[in-house]
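Subject: Structure handover and first findings

Dear colleague,

I am passing on the structure that I have been going through, and I would be grateful if you would look it over. My notes on it follow below.

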Amino acid sequence: MNTLEDAWRWYGDARASLRRLERIGEKWWDHVPWGQAPWKGDRRFVDLSKESVIESAVNAREHLDDVAVVVLFSVFEATVREVVLDQIAREEGAVRHRSIIDAIEKAKGRVREGSFFAVLEPFKPIAVTLIEEVNQVRRFRNWVSHGKRGRKPADVTPEIAYERLGRCLPLLVSPPNDETSTEPSP
């Protein structure tokens with residue numbers, strides 16, 4: 001998955017597939033002629049039961065939303081890091097001063113491998129509320145990715161993550177040249 005849209009489509013397909021599988025188990029399992037072809041002898045179905053199919057689908061659906069937030073944020077983060085590195089590369093060609101060249105190299109290293117919080121930080125002056133909303137998604141992603149240990153951050157659904165990341169991406173891909181805020185005044 002390379003785009004937020006790809007990740008969102010994956011989430012929708014996975015959610016729909018799990019709901020269908022659960023429905024097959026609940027409503028149609030007893031109507032399938034398991035002892036006849038093509039089902040008879042298929043090793044993938046031989047030891048399945050109605051209960052195991054339903055239980056597996058429910059278990060997967062219970063965790064899918066959290067995994068979807070991780071996937072959505074991961075795609076977003078990779079995209080942003082790539083775009084920011086491209087933007088730096090366009091700017092660095094005109095730089096000749098050794099100290100500035102060194103600072104640019106260090107900045108590129110932080111963008112490639114450093115904290116994503118630090119990558120977002122320079123964009124706060126132009127969209128403080130939106131960047132904080134994205135940081136909420138990041139904190140939730142981190143909590144899920146680290147085994148849901150510690151205090152749970154503000155809950156983030158895949159819908160919230162997709163909406164916030166989708167609003168933020170254009171800001172980071174084509175940042176304004178001035179320091180004016182893109183957010184409405186309070």
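This is a predicted model: local features need pLDDT of at least 70, side-chain atom pairs count only at pLDDT 80 or more; totals for chains, interfaces and linings use all residues.

Residues are numbered from 1 along each chain as its sequence is written, and side-chain values use heavy atoms, with hydrogens and water left out.

To begin with the overall form, the chain has six helices and zero strands, where helices (H or I, at least four residues) and strands (E, at least two) are DSSP runs numbered from the N terminus. The C-alpha atoms fill a box of roughly 75 × 40 × 30 Å along the principal axes. The radius of gyration of the chain is 23 Å, whereas a compact globule of 186 residues would have one near 16 Å; this radius is taken over C-alpha atoms, and the globule rule is 2.2 Å times the number of residues to the power 0.38. Of the 186 residues, 32% count as buried.

Helix H2 covers residues 50-92, and its 43 residues should span 63 Å at 1.5 Å a residue, which agrees with the 61 Å between its end C-alpha atoms; the expected span is 1.5 Å times one less than the number of residues.

In one of them Lys50 pairs with Asp30, with the closest N and O atoms 3.2 Å apart. Because Lys50 lies in helix H2 and Asp30 in the loop between H1 and H2, this pair ties together parts that are 20 residues apart in sequence. Lys50 is partly exposed at 22% relative accessibility, while Asp30, with a relative accessible area of 60%, is exposed.

Another salt bridge joins Glu77 to Arg141, with 2.9 Å between the closest N and O atoms. Glu77 lies in helix H2 and Arg141 in helix H5 (residues 124-145), so the pair ties together parts that are 64 residues apart in sequence. Both Glu77 and Arg141 are buried, and salt bridges that share partners join Glu77, Arg81 and Arg141 into one network.

Leu169 belongs to helix H6 (residues 158-173) and is buried, with a relative accessible area of 18%.

Finally, Leu21, Ile24 and Trp28 form a nonpolar patch on the surface, with about 270 Å² of accessible area together. Such patches are made of residues with over 30% relative accessible area and no salt bridge, like charges being joined within 9 Å and nonpolar side chains (Val, Leu, Ile, Met, Phe, Trp, Tyr) within 5 Å; the areas come from the Shrake-Rupley method with a 1.4 Å probe, and for residues only the protein chains shown count as cover. Ile24 has its place in helix H1 (residues 4-28) and is partly exposed, at a relative accessible area of 38%.

Technical notes
A salt bridge is a side-chain nitrogen of Lys or Arg within 4 Å of a carboxyl oxygen of Asp or Glu. Buried means under 20% relative accessible area, exposed over 50%, partly exposed in between (1.4 Å probe, protein chains only).
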